[in-house]
Amino acid sequence: WIGFHTKLSEGTLPYDDDQRGISEQVVIKFSHVVAENTPKGLAAQRFADRVNQVSDGNIKVEVIPNGGLYSDQEELEALKRGDIQMIAPATTKLSSFSSKWQVLDLPYMMPTRDSIIEAVNGEIGETLLQSLEENNLKGLTLWTNGFKQLTTNDGPIVQPSDLKGQHLRIMPSHVLKKQFELVGAKAVGLDFNETYRLLESGKLNGEENTISNIYSKKFFDVQSNLTISNHGFLGYAVIMNEDFWSKLTNEQQTVISKALEETTRWNQKQSFEMNDEQLSLIEDNSSIDIHYLTNEEKRKWFERWQPVYLEFEEEIGKELMSKMIQLRN
Ligand code: LMR
């Protein structure tokens, strides 16, 4: 069982602190694709430190950032195989497991921070995490990053028609692909860590992401225009392989759950603040041109994207859709 190593340092005897009669150090490899200085990177490390401290080293969480071990798609496969024990992919990347997750990708579905927090911490978040069970995955909690924005190399993006003919990187997702098709752009689902190179080489014109990802991966260096559109949500499902989780003792599960509870509370506040701070840093330190969409401009994009709501309502499920829409009001 790959995640577990017997902890017998030289000269010490195994000590008897659980039902197994031997102390085992649990090693949890937590892989993710973003930089350390991001909402997910910081939350993963905070969680790791907390677990290492509370368990007195008996549970060791090792965080591997920047896709150092596995890229976006690979990390899901690696988790299923048991090569790593924990990941926190963008919720978008889980729609291949259950189409319900697509509800979080609908453009302007959650227009405020409060509506995001209410969705992820309430019944909607619970339903989504539970949907992972069918795939032998244990959904533990939901972390936030923030609102997605648009960047491009091809002039200011103010009206939906400004994206016409642009070649954009998106996370692999039917909703996102359709959304950009509706405004005449060609959007391709690609690995996160491929994005910078493709923007730099001019193979892509633009992309959508949160400020924290735009800042930490320096997309602003290879893009001429940034539009603060707040048009979509980026957040994460923190998950383990169900077999791994169920083999942990109750005590180990409790240590992990409590550390996650604390980390989630912290992340859901810190993530939005971090995006705000890093936007100021981009404003102050880069030459990228920034446009803030007015409410009237946002309304036009929202209207233009209405067909996505209709097209995906059935796949997502009417009940879940209407619960989400209620949060907006
Ligand atoms: C992306 O692929 O753009 C994001 O999912 C990266 C991340 O994990 O924040």
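User: Which elements are included in what covers the buried residues of α9 in this model?
Analyst: The model is predicted. Residues of α9 that count as buried include Val255, Ile256, Ala259 and Thr263. What covers the buried residues of this helix includes α1 (39-54), β3 (59-64), α3 (113-121), β5 (137-152), β8 (206-210) and α7 (211-216).

User: How many Å apart are the end C-alpha atoms of helix α9, and what span should its residues give?
Analyst: Helix α9 runs over residues 250-285, which is 36 residues. At 1.5 Å a residue, these should span 52 Å. That agrees with the distance between the end C-alpha atoms, which is 49 Å.

User: On which residue is the kink in α9 centred?
Analyst: The helix has a kink of about 30°. Among the buried residues of α9 are Asn267, Gln268 and Ser271.

User: Which residues surround the ligand?
Analyst: The shell divides into 6 nonpolar, 3 polar and 2 charged residues. Those around the ligand are Val33, Val34, Lys40, Asp72, Ala90, Asn145, Met171, Phe192, Asn209, Asn213 and Leu234.

User: Which residues does valine 61 touch, apart from residues up to four places away in sequence?
Analyst: With residues up to four places away in sequence left out, valine 61 touches Ile28, Phe30, Phe47, Ala48, Val51 and Asn52.

User: Is arginine 169 buried or exposed?
Analyst: Arginine 169 is found in strand β6, residues 167-170. Its contacts, not counting residues up to four places away in sequence, are Val188, Leu190, Thr195, Leu198, Leu204 and Glu207. Because 24 C-beta neighbours lie inside 10 Å, arginine 169 counts as buried.

User: What distance separates the C-alpha atoms of arginine 169 and valine 188?
Analyst: Valine 188 is among the residues that arginine 169 touches. The two are 19 residues apart along the chain, and their C-alpha atoms are separated by 5.2 Å.

User: Which residues are in contact with proline 160, leaving aside its neighbours within four places in sequence?
Analyst: Proline 160 has its place in the loop between β5 and β6. With 18 C-beta neighbours inside 10 Å, this proline counts as partly exposed. Beyond its sequence neighbours within four places, proline 160 is in contact with Val183, Lys300, Trp301 and Arg304.

User: How many Å apart in space are proline 160 and proline 307?
Analyst: In sequence the two prolines are 147 residues apart. From C-alpha to C-alpha, the distance between proline 160 and proline 307 is 14 Å.

User: Is proline 107 buried or exposed?
Analyst: Proline 107 lies in the loop between β4 and α3. Leaving aside neighbours within four places in sequence, its contacts are Gln179, His231, Gly232, Phe302, Trp305 and Val308. There are 23 other C-beta atoms within 10 Å of its own, so proline 107 is buried.

User: What is the phi of tyrosine 108 near?
Analyst: Tyrosine 108 is in the loop between β4 (86-87) and α3. It is buried, with 20 other C-beta atoms within 10 Å. Although tyrosine 108 is not glycine, its phi is positive, near 60°.

User: Where does asparagine 230 lie?
Analyst: Asparagine 230 has a positive phi of about 50°, although it is not a glycine. With 19 C-beta neighbours inside 10 Å, asparagine 230 counts as partly exposed. The element that holds asparagine 230 is strand β9.

User: What distance separates the C-alpha atoms of asparagine 135 and serine 229?
Analyst: Asparagine 135 is in the loop between α4 (123-130) and β5. It is partly exposed, with 15 other C-beta atoms within 10 Å. Serine 229 is 94 residues away along the chain, and the C-alpha atoms of the two are separated by 34 Å.

Conventions
Residues are numbered from 1 along each chain as its sequence is written. This is a predicted model: local features need pLDDT of at least 70, side-chain atom pairs count only at pLDDT 80 or more; totals for chains, interfaces and linings use all residues. Helices (H or I, at least four residues) and strands (E, at least two) are DSSP runs, numbered from the N terminus. The expected span of a helix is 1.5 Å times one less than its number of residues. The bend at a residue is the angle between axes fitted to the seven residues ending there and the seven starting there. A residue is buried if 20 or more other C-beta atoms lie within 10 Å of its own, exposed if 12 or fewer, and partly exposed in between; C-beta atoms are placed from the backbone. Two residues are in contact if their C-beta atoms, placed from the backbone, lie within 7 Å. A residue is near a molecule or strand if its C-beta atom, placed from the backbone, lies within 6 Å of it. Ala, Val, Leu, Ile, Met, Phe, Trp, Tyr, Cys and Pro count as nonpolar, Asp, Glu, Lys and Arg as charged, and the others, Gly among them, as polar.
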